[in-house]
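Dear colleague,

Please find below the structure that I am passing on to you. I would be grateful if you would read it alongside the notes that come after it.

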Amino acid sequence: MKELRATVAKHKAAVEGFGSSVAPRLATAKGEVEALAQGVVEQVGALRPSISATLGALLTRVNAANLTLTDPSPRFQALASQVKGHQQALAASSETARTKVEALGQEATAKSQGLEAQAKSSAEASQGQLTALQQQVAQQCDADRKSFDAKLAKRKGSKQETEARRAQGYALIDQTRSQLTQDLTGVGSTIAAALAAVLVRLATSRDAATGQGAQLTSTLDGAVKDPMSALAALHQELLDAGTTTMDAHQQQQAALEGQRKSLVDQLMAAAATAAGIVDPLDTQVAPSLTTGKAQADGALDTLGRTIAGQVASVTASLTAVEKLIDQVQEQVETAINTVSGTIDGLVKGALTAVETVKAPLKATLDAAFTTLDSLVATISDLKQQVMALFESLPQLLEQLQTLFQQIVGSLESLLERAMGLLDAIPAADLPKPLVSPAVQGISQVVGQITTQLGTLSSQVGPQLQAVQKTIVSQVETVQTQAQTQIDTATTQAVTQMGTLTESILQGIEQAKAQVGQIIAAAVTQIGTVKDQGVRQIEAMKHQVAARVTPLDTQVPERLEALDAQVGSGIDAAVQAMQAARDTAEGQVTAAKGRLDSHLGATNASVTTGLTSLETARASAETSLTTQADSALAAFQRRAEGQRSGAETQVDAVSTQATGQKPQLLSPLDAIGAQLQAGAFAKPVTAANSRVTSALNALGPQLDALAS
C-alpha cells in the first residue's frame, strides 16, 4: 500500500507542480506585455527628463552666472571702524596716561595716609610705653618704701635716729619719683611734637603730588579734545560715503539681475514649447498601448482559468484514488487487527498450558529444597559435635605451659642465689688470706647447685616428654573421631543429593517434552491464521493497484497537452502587444526629432545672453572699484594725521607723569624710612634706660640708710 500511495502522491505532486508553474508563466507573460507597453511609455517619459535636463542645465548656468558685483561699501565701513578704532585707541592711551597721572596723586595720597596711620600708631605705642614706665616707677617706689620700712623696723638704735633715717629715705624716694615722672612727661611732649611735624610734612608732600597730577590732567584733556572731535566727524563722513556707494552698487546689481531674469523667462517659454511637443504623445500613444495591454492581460487571465479548471479536474481524480487507498488501508488494518487478535488468543492458550506443566515441576523442586535444608541442619549439628571434641585440648596445653614455667622459675631462683653468694664477698676490701677460703667455700656451693640443676633438668625432661605424649595421644584420638563422623555425614549427604538431582532432572525432561508439544501446536495454528490474513490483504492491494497503474500513462499525457495549450496562448497575447508597441514607437520618434531641434536653438540663444551678461558685470565692477579707491585714500590720510598728532601729545604727558613720580614721592619715602627706623621708639628706649638706672641706684641708698 505504501508503494501505491507513493505513486499517487508522485502523480499528484506533478499535477500540482504543473498547476503552480502556470501562474508564474502567466505572470512572466504579463511581465513581457507590461515591458512592451512600459518600454514605449518609458520612451515618452524619457522625453520629459531630457527637456528637464537640457533646460535645467541652461537654467543652472543662468543661475550660476557670476553677477555678484564687489560691494565697496564694506570698505568704507571698515575704514569707519578703523577710524573708530583710532578714537578708541586715542581714548585708551589718554585713559592710560590719565590713569598714570591720577595714580600719581592717588599713590601719594594713599602712601601719606598709610604713613600718617603708621606715625600715629607708632606715637601711640610710644606713649603707651611711657605710661607703663610711669606705672613701673610708681610701683617700684611704693615697693621700696615698704621694704625700707621693714628694714628700719629691724634696725637697732634709737627711735629718734630711726625716724630721721626714715625721713631721709622717704625724701629720697619722692625725689626719684618726681624726677622720673618729669623726665617721662617731657619725653611724651617730645613725641607729640615730632608726630605733629611728621603730619605736616606728609600733608605738604601729598598736596604737591596731587597739584602736579591736576596740572597734567588739564594738559591731557586739551591734547585729546580736538582730535577726538575731528575723528568723530570723519567717522560719520565715512558712514555717509559708504551708504552712497552701497546705493550705487545695488542699482548696478539690480540691472544685472534684470538681464538674468530675461534669460530665465526665455527658458520658461522654451519649456512650455517643448511640453507642447511631448504632451500630445500622452493622448496618442498611451490609449493604444493601454488597449493592447488590456486585451493581452484578458487573454492570459482566460487561459489561466481554463488551465486551472483542467488541473483541478486531474487533481480531483487523483484525490479520489487517494481516498480509495485510505479506505482499503482501513480494511487492511482491520484484517491485521483481527489476525493479531486471533494470534494473541492462541499465544495466551499456549502460555496457560505451559503454566499447567510447570506446576508439578515446581512441587518437585520445592521438595528437593526442603531436603537440602535438612542436610544443612545435619551438617551444622556435626560441626558442633566435632568442635566439642577439641574443647579439652586447651586445658592440657595450659597445664603443660604452667609446669614448664614452674621449672624455669625454680632454675632461675637457684642460679640467682648462687650468684648472690659470690657477689656478697668483699673481695676488694678484705685481705687475700681471708677472702680465698670464703671463695673456695662458695665455689663448692655453686658447684653443688650446678650439679642439682643438671639433675633437676634430667628429671624435668622426662616429665615434659610424658605430658607431651599424653597431649599428642588425645589429639590423635579426637582427630580420628572427628574424621569418622565427617566421613559418615559426607557419604549420607552425597547419597541424598544424587537422589534429589536424579528426580529433578527427570521432572525437567518430562516438562520440557510437554512444553514442546504445546508450542508446536500453537505455532501451527498461528501459521494458518497468518496465511489467511495475508491472502485477504493481497486481494485488497490488487484491487487498488488496478486503479493506480494506468495513472503512470494518463497523467504525463494530460500534463503535456496542458503545457502546449499554455505556451500557444502566451505567444498569441505577447505578439498582439508587440504590434501595438511598434505603432507607438513611430509616433515617439517623430516627436523626439522636433524636440531636439527646439532645445538646440534655445541653448545657443541662452549661451549668447550669458556672455553679454558677464561683460556688463565686469564693466560695472571696474567703475565702482575705481571710485571707491580714490575716496578711501583721501579719508585714510585725514584719519592718520589726526591720530598721530594726538598720540604724540598723550605720550608726552604719560612720560612726564612717569618721570616726575620718583621726585614727588621721595619726601614720603624719606618719612617712611624714619618711621621704619623707630623715630618715636628711640626716646622711649632712652627714657626706659634712665628709669632703670635711677630705680637701680635707689635701692642701695635706702639699704645704707636702713643699716
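The notes below go from the overall architecture to the packing of individual residues.

Please bear in mind throughout that this is a predicted model.

Overall architecture

The protein chain contains seven helices and zero strands. Read from the N terminus, its elements therefore follow the order α-α-α-α-α-α-α. Of the 707 residues in the protein chain, 29% are buried. Among contacts with a separation of 6 or more, 96% are between residues 24 or more positions apart.

The nonpolar cores

The largest nonpolar core comprises 35 residues, and L130, L184, I191 and F680 are those with the most contacts inside it. At least two residues of this core come from each of α2 (73–154), α3 (159–389), α6 (551–676) and α7 (681–706). The greatest contribution is that of α2, which gives eleven residues.

Apart from its neighbours within four places in sequence, L130 is in contact with L184, V187, G188, I191, V684 and A687. A second, separate core has 25 residues, including V8, V15, V22 and I570.

The packing of α2 and α7

How do α2 and α7 lie relative to each other? Their axes come within 11 Å and cross at roughly 5°. Because angles under 35 degrees count as roughly parallel, α2 and α7 are described as roughly parallel to each other. On the α2 side, the residues that meet α7 include S126, L130, L133, V137, C141, D144, F148 and L152. On the α7 side, those that meet α2 include A681, V684, A687, V691, L695, L698, L702 and A706.

The model has one aromatic pair. F148 and Y170 form this pair in an edge-to-face arrangement, with 6.4 Å centre to centre and 65° between the planes. The pair links distant parts of the chain, since F148 is in helix α2 and Y170 is in helix α3, 22 residues apart.

Y170 has a relative accessible area of 22% and is partly exposed.

Two arginines belong to this part of the description. R145 lies over the face of Y170, at 4.1 Å from the ring centre. R166 lies in helix α3 and, leaving aside its neighbours within four places in sequence, is in contact with F148, D149 and L152. With 18% relative accessibility, R166 counts as buried.

F18 is located in helix α1 (residues 2–64). Is F18 buried or exposed? Its relative accessibility is 10%, so F18 counts as buried. Beyond its neighbours within four places in sequence, F18 is in contact with R25, I307, V311, L559, L562, D563 and V566. One of these residues, I307, is 289 residues from F18 along the chain, and the C-alpha atoms of the two are separated by 9.9 Å.

With kind regards

Conventions: Residues numbered from 1 in each chain as written. Predicted model: local features only at pLDDT ≥ 70, side-chain atom pairs only at ≥ 80, totals over all residues. Heavy atoms only, no water. Core = buried A, V, L, I, M, F, W, Y, C linked by side-chain atoms within 4.5 Å. Buried < 20%, exposed > 50% of the residue type's maximum accessible area, 1.4 Å probe, protein only. Helix = DSSP H or I, 4+ residues; strand = E, 2+ residues; numbered from the N terminus. Contact = heavy atoms within 4.5 Å. Phe/Tyr/Trp six-rings, centres within 6.5 Å; stacked < 30°, edge-to-face > 60°. Lys NZ or Arg CZ within 6 Å of the ring centre and 35° of its normal. Axes fitted to C-alpha atoms, helices over the stretch in contact; angles between N-to-C directions. Parallel < 35°, antiparallel > 145°, perpendicular 65-115°, else oblique.
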